[in-house]
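Please look over the sequence and the model shown below before reading on.

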Amino acid sequence: MSQGKLPRVGDFGPGSFMILEYLPLVPFGSMRPETQTALGEQLAAMHLSDAHQDLHQGRYGFPVSNFLSLTPLNNTWTPAGISQENAWVHFFGRRLKDQGNALLKNQTYAPLPKDKAYGRRALDDREDEVLRSIEKVLKHLPELLEDAKPGVSLLHGDLWVGNLGKRIVSSAHKVKDGADRTSVPGAVQVGDKSTKQTAPVIYDPASFFGHSEFELSIMRMFGGINQPFWDAYHAHIPKAKNFDRRVKVYELYHYVNQLNLFGDPSVKATIVKLANELV
């Protein structure tokens with residue numbers, strides 16, 4: 001995955017902002033199999049990396065809380081002195097409970113569009129079947145997440161196909177500082193005679209340190225991720241026992257977030273169905 005470059009930020013004016021390198025991208029959905037393979041290998045490498053061990057110290061969370069679209073995320077570090085298995089149940093349980101509570105609130109930090117349900121309160125009745133389904137899953141969460149063997153990985157946090165792309169890089173591209181970018185990590189040749197390379201790029205994150213399986217759930221939900229990705233990823237991080245059950249738990253979390261954001265009644269039925277399949 002291509003790494004963005006952040007310039008030194010000085011005193012440019014009031015407010016907060018971030019300036020990122022411009023990346024010429026094409027949609028991920030048309031990716032060639034070898035680019036999907038590169039994404040799988042590089043995402044697995046990111047999940048296995050110990051580069052941030054001094055920061056997370058074996059805990060789940062993040063130095064700051066952030067947002068998943070309009071949904072606020074509590075990234076408070078998990079308590080020290082408990083096992084990683086219990087710590088992950090604690091962290092993810094808090095996330096899922098927050099999503100359930102948010103169904104009864106407007107999720108916004110700015111005025112809501114009057115003609116859209118985006119971010120508006122999704123449920124009117126505290127006894128709604130959706131809430132009972134979430135509570136049922138929360139009650140059984142320790143057993144649903146058992147066998148996870150969770151490590152602590154840096155996660156993108158919202159890695160659906162809309163937050164994936166591929167960067168086109170000329171094989172002869174040079175930058176002003178003289179660095180040669182002919183070799184792009186994970187780049188693959190587009191055609192035998194092409195002078196272009198492609199590298200997978202991920203963007204628009206809701207990052208935190210969590211269990212790597214959580215990342216994969218949303219990647220299965222909306223299509224665009226093909227078998228070469230999964231083969232490459234699981235060659236480095238094999239599926240643990242009861243993998244599919246745990247990923248279904250994480251899918252339920254993302255569907256609750258969808259309901260929070262868009263208020264789609266059809267998503268309510270999906271949440272109830274998933275909960276009934278799990279418990």
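In which loop is the place of threonine 78? In this predicted model, threonine 78 belongs to the loop between strand S3 (71-73) and helix H3. Threonine 78 is buried, because its relative accessible area of 3% falls under 20%. Apart from neighbours within four places in sequence, its contacts are Arg59, Tyr60, Ala87, His90 and Phe91.

**Aromatic pairs**

The structure contains 17 aromatic pairs. One of them joins phenylalanine 91 and phenylalanine 208, whose ring centres are 5.5 Å apart; the pair counts as stacked because the planes meet at 25°. Phenylalanine 91 lies in helix H3 and phenylalanine 208 in strand S8, so this pair ties together parts that are 117 residues apart in sequence. Phenylalanine 91 is buried, at 0% relative accessibility, and phenylalanine 208 is buried as well, at 1%. Both residues belong to one aromatic cluster, which also includes Tyr60, Trp88 and Phe214.

| Charged residue | Ring | Distance to ring centre |
|---|---|---|
| Arginine 59 | Tryptophan 77 | 4.3 Å |
| Arginine 95 | Phenylalanine 208 | 4.2 Å |

**Helix H6**

Helix H6 spans residues 212-221, and nine of its ten residues are buried. Among them are Phe214, Leu216, Ile218 and Met221. The buried residues of H6 pack against several elements, including helix H1 (33-48), helix H3 (84-102), strand S8 (208-210) and helix H8 (243-262). Just after H6, glycine 223 adopts a positive phi of about 75°.

Methods
Residues numbered from 1 in each chain as written. Predicted model: local features only at pLDDT ≥ 70, side-chain atom pairs only at ≥ 80, totals over all residues. Heavy atoms only, no water. Buried < 20%, exposed > 50% of the residue type's maximum accessible area, 1.4 Å probe, protein only. Helix = DSSP H or I, 4+ residues; strand = E, 2+ residues; numbered from the N terminus. Contact = heavy atoms within 4.5 Å. Phe/Tyr/Trp six-rings, centres within 6.5 Å; stacked < 30°, edge-to-face > 60°. Lys NZ or Arg CZ within 6 Å of the ring centre and 35° of its normal.
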